[in-house]
Each structure stands twice: as C-alpha cells, then as structure tokens.
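Me: I would like to learn how to read contacts, pockets and cavities from a set of coordinates. Can we work through one case?

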Amino acid sequence: MLKNLPCTMIFEFTEIINNIFKFNYFPKAWKTAVVVPILKPGKDPTQPENYRTISLLSTLSKLTENFILVKLNEHLAENKILCPEQFGFRKSLTTTHQLLRVVEYITSGFEKGECTGAVFLDVQKAFDRVWIQGLIHKLIRYKTPPHLLQLLKSYLEERKFAVKIGNSISEAKIMRAGIPKVGKISPVLYSLYVNDIPKTHKTLLGMYADDTAILAKNKNHKYTAAALNQHLAKLDDWFLKWKIALNVNKTEAVYFAKGRRKYKPIVKIKNQTITWSQQAKYLGVILDEKLTWKNHITTIKTKFRAASRKLFPLIARDSEMNRKYKLLVYTAILRPIITYGYPIWGAAANSNIRML
C-alpha cells in the first residue's frame with residue numbers, strides 16, 4: 001500500500017516519523033487496536049474463551065515501530081542486557097537453537113546414565129497481561145536512554161482497543177494491561193519484562209519469548225526433584241510479584257530416561273503436583289521420554305498429508321498450473337512441514353525416518 005503512495009505523501013510521512021523521534025511522542029490515533037475474535041475450530045461459539053483474538057493496528061504505526069525497534073535493539077546489544085537463556089526474536093537465534101540446547105542437555109545425561117526432569121511452563125495470555133508500569137520500571141532499571149524511554153512510555157500508555165464483530169464495532173476502551181500482540185516491538189518488550197526471571201545453578205533454563213522450560217538431571221530422582229522444586233518455588237514468587245499468570249493445568253512435565261524408571265520425582269508448583277507425561281510439545285517439536293522421535297515424525301506425516309490433500313488440485317499432475325509455481329507451493333508450504341527442526345530429530349532411527 002505504502003509503495004503506491006505519491007512521493008509527496010511519502011515525504012509527509014517521513015516528516016511525521018522524524019517529529020515522533022524529535023518530540024518522543026507516539027500519536028494517539030495509532031494506539032487503538034481493532035480486535036477481531038475468531039472462533040477456534042470445533043469449539044462452542046457461546047463461550048468467550050473459545051475465541052482467538054486478532055488485533056489490527058495501523059500500517060503506519062507498524063512501520064514506525066520498526067525504527068523504534070532498531071534503536072531499542074542497539075541499546076540492548078551494546079549493553080548486553082538480555083539474558084543468554086532468552087533466544088526469542090534475537091539476531092542469529094531461532095527455535096531450533098533453543099531446542100538443540102535442551103536436547104543436548106538431555107542426551108548428555110543419557111550418556112552418563114542420568115535421567116532428566118523437564119517442566120514446560122504454560123504462561124496465560126503472556127502479552128495481554130504485561131504490567132505496563134512494571135515494564136516501564138524495568139526499562140528504567142536497564143538504563144534505557146531518556147529520549148527512547150520517553151518514546152516507549154508514550155507508546156505503551158493510554159492504548160485502546162475496540163472489538164469488531166461483522167459490521168459492528170464497540171466503543172474504544174482503555175487497556176489497563178498488556179502490550180499489542182502484533183506490535184513489532186512487543187516481542188522484545190516482553191523479553192525485557194521477563195529478563196530478570198530467577199535462575200539456579202542446578203537447573204537449565206530455556207526461553208523463547210514466553211515458552212519456558214526448566215530442566216534438571218541426576219542419577220538420583222530425589223536430587224532432580226529438589227532442584228526442580230527449588231527453582232519452581234522461586235518462579236512462583238516471581239510470577240506473583242510481576243503479575244504473570246501461570247496455567248498449571250496446561251503445564252507439562254516429562255521425565256526423560258533411557259530405561260524404565262520405577263520412581264519418578266514429585267514436582268509441585270503453586271502447591272499442585274505436576275503429572276508426568278510420556279511426551280510434551282516444545283517449540284513445535286514433540287519430545288518423548290526416550291527421545292525416539294517416533295511420535296513427532298508420525299505427527300509430521302499426518303500434518304503433511306492433510307496439507308497435501310488441500311493443495312492437491314493445484315499441484316496434481318493434471319493441474320494446469322505451471323510447474324514452476326507447483327514447486328513454489330511445495331517449497332513454501334509443504335516442505336517446511338517436514339524439515340522444521342530437522343537438526344533436532346534427524347538422528348532418529350531409520351525406521352522412523354523412512355516414514356517421511
């Protein structure tokens with residue numbers, strides 16, 4: 001859209017962005033999000049929690065955020081502020097890198113005859129519940145340059161939202177908490193908000209934005225339990241202090257072991273015992289308790305076939321589509337389903353790999 005604007009409009013918009021940085025003020029008109037609720041497949045439409053919300057922001061707002069993000073990232077990189085355990089939305093780091101780190105921790109335990117207990121935390125509506133004043137407090141603590149701090153404060157405060165259903169739109173209401181999910185700056189701001197998350201030397205902490213994993217390993221299951229429970233107790237206090245809600249019912253735990261284990265550690269959070277599962281999905285990859293990858297590869301196969309069936313009219317042999325575009329559909333949509341996370345599960349047994 002912006003590319004098609006006349007040069008005079010581009011110059012005007014450039015002047016607006018320059019003034020935003022000059023006066024450290026983010027326009028109020030760009031701080032209202034239009035929220036569109038989308039019903040989750042197969043869910044009851046009468047229950048509000050069964051809807052996934054999509055926030056629509058001004059295109060000009062998003063473009064301006066790119067320039068703010070550059071300044072913020074420069075400050076974070078120069079001062080090495082973000083904790084090394086956080087891999088989310090950082091240069092040269094991906095979900096695959098964090099997964100490799102977690103899996104290598106587990107497999108190194110296997111080589112020494114150790115078992116690894118892993119707890120995968122489910123944070124409720126992470127971006128929606130960010131305490132704005134708490135975030136600003138942390139921006140000050142991390143010595144954000146005054147002009148950038150003032151601009152970010154203007155960006156965060158007095159944001160509004162309106163809900164749109166069909167052709168009807170509600171009255172705009174002030175957001176008491178949360179940062180815009182679709183905002184370009186939001187992932188980095190969330191990373192800053194959780195940057196002081198408690199750590200212990202007995203456990204491994206893995207983070208990708210709000211996806212958080214806590215791992216501990218030892219030959220003695222009691223040691224593993226003590227290490228995990230100590231870390232989870234610290235996290236419980238920290239979550240309460242910074243108004244972060246944890247969904248205990250959706251929090252998963254897996255006890256990784258090569259052989260059968262008669263005893264498994266008792267792990268608790270918020271005084272609730274976490275039930276051990278045979279597998280858990282972390283960053284899009286299914287980790288089973290023996291790391292055979294069979295369940296993950298079976299899931300990939302099912303997902304690939306479902307996507308192929310939908311696209312079959314386009315890529316079938318008798319389709320009139322040019323072969324060049326058929327290949328484009330495959331490489332852009334189908335192949336990523338199979339290849340995602342391949343460095344993690346690529347060492348699976350040949351019998352599992354052959355399924356693909």
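Reply: Start with contact, which means heavy atoms within 4.5 Å. Keep in mind that this model is predicted.

Me: With that cut-off, which residues does Thr96 touch, leaving out residues up to four places away in sequence?

Reply: Thr96 touches Gly341, Pro343 and Ile344. Thr96 itself sits in helix 3, residues 95-111.

Me: Is Thr96 buried or exposed?

Reply: Buried means under 20% relative accessible area. Thr96 has 17% relative accessibility, so it counts as buried.

Me: How is the chain divided into domains?

Reply: Domain 1 takes 1-81 + 132-176, domain 2 takes 85-126 + 197-290, and domain 3 takes 294-354. The centres of domain 1 and domain 3, taken over C-alpha atoms, are 36 Å apart.

Me: Which elements do the buried residues of helix 8 pack against?

Reply: Those buried residues are His296, Ile297, Ile300, Ala307, Ser308 and Leu311. They pack against strand 14 (285-288), helix 9 (323-339), helix 10 (342-345) and helix 11 (350-353). Helix 8 spans residues 294-315 and has a kink of about 45 degrees at Arg309, shortly before the proline Pro313.

Me: How does one look for empty space in a model?

Reply: Rolling a probe the size of a water molecule over the atoms shows where empty space is left. Here the largest pocket holds about 1600 Å³ of space. Its lining has 40 residues, and the closest to the pocket centre are Gln124, Lys125, Ala126, Asp128 and Lys181.

Me: What lines each cavity?

Reply: Residues lining the largest cavity include Trp238, Phe239 and Met207, and its lining divides into 9 nonpolar, 1 polar and 1 charged. For the second largest cavity, the lining residues include Arg129, Tyr193 and Lys243, with a division into 7 nonpolar, 1 polar and 3 charged. Val123, Tyr190 and Ile244 are among the residues that line both cavities.

Key
Residues numbered from 1 in each chain as written. Predicted model: local features only at pLDDT ≥ 70, side-chain atom pairs only at ≥ 80, totals over all residues. Heavy atoms only, no water. Bend = angle between axes of the 7 residues up to and from the residue. Helix = DSSP H or I, 4+ residues; strand = E, 2+ residues; numbered from the N terminus. Buried < 20%, exposed > 50% of the residue type's maximum accessible area, 1.4 Å probe, protein only. Domains from an automatic or database assignment. 1 Å grid on protein atoms, 1.4 Å probe; cavity = no way out; pocket = protein on both sides within 12 Å on 5 of 7 lines; lining within 4 Å. Points joined across faces, edges and corners; volume = space filled by probe spheres on them. Nonpolar A, V, L, I, M, F, W, Y, C, P; charged D, E, K, R; others polar.
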